[in-house]
Amino acid sequence: MPRTAKKNPVDNIFSLVTAAASFSIILLIIGILYVLVSESSLAIGKFGIWKFLSSTDWDPVKESFGALTNVYGTAFTTLLSLVIAIPVAIGIAIFVTEISPNFLKGPIGAAIELLAAIPSIIYGMWGLFTLSPIMSNHIEPFLKKIFGAVPLVGILFQGTPMGIDILTASVILSIMIIPFTASISRDSFNLTPSVVKESAYAIGATRWEVIKNVVIPYSKLGVFGGIVLSLGRALGETMAVAFVLGNNHRITTSLFDAAATITVTLANEFAEADTDIYLSSLFYLALVLFVMSFITLAIAKFFLLRAEKKYSR
Amino acid sequence: MTREQIRKTEGFIALALSTLAAFMGLFWLVFILGDVLVHGIKALKLSLFLNDPAPPGVEGGGLRNAFVGQLLITVCATLIGVPVGVLGGTFLAEYARGRGIARIISILSDIMVSVPSIVIGTFIYAVLVRPIGHFNGWAGAVALSIIMIPVVLRTTEDMLSLVPWTLREAAFALGAPYYKVITQVVYRGAATGILTGILLSIARVAGETAPLLFTSFNNSFFSLDMKQPVASLTVTIFQYAMGPYDNWHAQAWAAAFVITVFILLLTITGRLIIRWRYK
């Protein structure tokens with residue numbers, strides 16, 4: 001910027017206005033943190049930090065609240081959805097970058113990204129009316145028949161398959177996060193220099209060996225960043241799971257049990273909380289979610305930035 | 001089998017699975033969109049746009065209040081979010097270009113883009129709903145604008161950075177002050193890109209439900225008063241789909257169809273513009 005520009009008074013005002021607008025981001029983050037902490041101070045005072053996080057109570061009548069069932073539900077559905085989504089997403093990225101004929105690359109990539117544009121409430125509604133009956137009538141009884149009697153793994157497949165449960169919610173979540181992981185993985189794969197790939201082909205590697213031993217190791221930072229980003233997204237997803245998870249404040253082990261995530265609890269109970277300590281505990285939950293997802297997203301950003309630095313060399 | 005055959009088979013299986021994965025992604029897209037299309041068109045009637053909701057359990061009625069309310073909230077959110085986002089992006093790409101603070105704000109906005117929208121809902125509830133004493137439309141609009149700001153800010157920053165620096169130098173050489181260079185040269189060069197970013201950010205917030213649940217809430221009656229609870233399509237879909245009446249379910253599908261078509265059209269338009277302009 002030229003020095004003379006600063007001397008103009010209008011320019012000073014304009015630069016201050018733009019600065020204020022961009023600092024609103026920092027202000028918002030601090031504001032959200034401050035408001036959530038002060039609103040939940042009643043619950044923090046009553047339950048403390050460790051006791052709140054480790055208690056399975058969620059009893060509005062006795063006014064005793066703990067976050068563990070919600071955190072457990074969030075962690076369970078999120079991890080399960082990642083387990084389902086990662087192989088599919090990486091498969092899609094491999095197909096689009098290495099297998100697909102050129103004229104299909106654009107359309108398929110765009111179609112997968114359209115999945116990310118569909119609003120989460122549509123996923124939730126589709127899950128409730130369409131996916132949930134299919135799960136309870138066909139897929140879940142089938143899984144139960146195969147795995148139900150297997151020791152250890154069988155614990156995951158107990159109970160009556162109702163379709164409103166952890167498995168259905170995780171499948172919907174996984175469909176929602178596939179586009180994120182897939183598009184970041186695709187972009188990372190694309191950055192592998194063709195010289196490196198060609199040298200692998202030249203010593204006789206098959207196409208899969210090039211992908212497995214050259215492309216994936218080369219782009220693993222970016223792919224990992226994409227996975228953590230999807231994790232952060234899945235943690236905070238509300239409407240897609242609110243329809244199909246029930247709202248069950250218990251620690252459950254079966255995929256066929258209803259559960260509650262932090263987001264589902266907030267969506268269902270926030271507008272109805274009738275006592276101060278109840279509302280304060282819900283704010284406390286929101287604070288826990290905010291901190292969890294902020295840290296996760298920051299880690300994702302860290303890896304993506306490192307990947308960017310590495311590839312731009 | 002020889003070693004070579006094993007390697008070839010392994011490769012074939014892996015590539016076949018990847019192809020399968022790609023088709024699985026397409027399958028979900030077609031499945032979900034097809035389902036919304038089939039159910040939505042069946043329930044789509046003119047009365048849906050012209051009538052207000054009938055009492056629960058009574059046949060007929062429409063969602064005029066929700067269509068208008070959704071439009072109202074989205075427009076207000078855009079009016080708040082776009083100026084803040086564009087100006088903020090301008091600061092990062094122009095006045096603070098290359099400085100540490102620009103980098104920090106840029107990274108923080110990237111994080112804010114993905115922060116759970118329901119948390120923003122609880123924040124606005126504490127700031128704009130409880131002090132006033134009741135749910136209101138402005139709270140919903142502000143909640144959506146908070147989701148919009150980082151999206152618009154980042155695309156503006158990226159688009160302004162694409163404008164060649166020599167263009168600015170040419171304007172400086174004529175003696176123009178920086179603000180004139182920005183508003184008359186840089187903004188013109190990046191107009192398409194910024195507009196696309198705005199389109200995509202509208203598409204992003206138009207489908208948001210969670211931040212509206214405890215801000216603008218819902219309203220069964222037609223209302224243009226932003227100081228009172230305002231109905232929105234998304235919250236209505238949530239309420240109707242979870243409700244017990246078939247009539248409600250049909251209307252929820254119709255609303256889902258309209259909102260999905262709207263958002264997909266915006267998204268596809270935005271992407272086509274980007275492709276046409278920048279590739």
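Predicted model: local features only at pLDDT ≥ 70, side-chain atom pairs only at ≥ 80, totals over all residues.
Colleague: Why is helix H12 (residues 276-312) of chain A called oblique to helix H4 (residues 100-114) of chain B?

Modeller: The axes of H12(A) and H4(B) cross at roughly 130 degrees and come within 10 Å. Roughly perpendicular covers 65 to 115 degrees and roughly antiparallel begins over 145, so H12(A) is oblique to H4(B). The crossing of these two helices is right-handed.

Colleague: Which residues make the contact of H12(A) with H4(B)?

Modeller: H12(A) supplies Phe294(A), Leu297(A), Ala298(A) and Lys301(A), while H4(B) supplies Ile107(B), Asp110(B), Ile111(B) and Ser114(B). Divided by class, the contact has five nonpolar, one polar and two charged residues. Lys and Asp count as charged and Ser as polar, and therefore Lys301(A) and Asp110(B) are the two charged residues and Ser114(B) the polar one.

Colleague: How do the axes of helix H3 (residues 64-95) of chain B and helix H6 (residues 137-162) of chain B cross, and what residues make up their contact by class?

Modeller: Their axes come within 6 Å, with a crossing angle of roughly 35 degrees. H3(B) passes H6(B) in a right-handed crossing. The contact of H3(B) with H6(B) comprises 18 nonpolar, 11 polar and three charged residues.

Colleague: How many residues does each chain bring to the contact between chains A and B, and which helix gives the most on the side of chain B?

Modeller: Chain B brings 68 residues and chain A brings 72. On the side of chain B, helix H1 (residues 3-43) gives the most, with 19 residues. That side divides into 48 nonpolar, 14 polar and six charged residues.

Methods:
Residues numbered from 1 in each chain as written. Chains lettered and ligands numbered in written order. Axes fitted to C-alpha atoms, helices over the stretch in contact; angles between N-to-C directions. Helix = DSSP H or I, 4+ residues; strand = E, 2+ residues; numbered from the N terminus. Left-handed = near helix turned anticlockwise from the far one by under 90°. Parallel < 35°, antiparallel > 145°, perpendicular 65-115°, else oblique. Contact = placed C-beta atoms within 7 Å.
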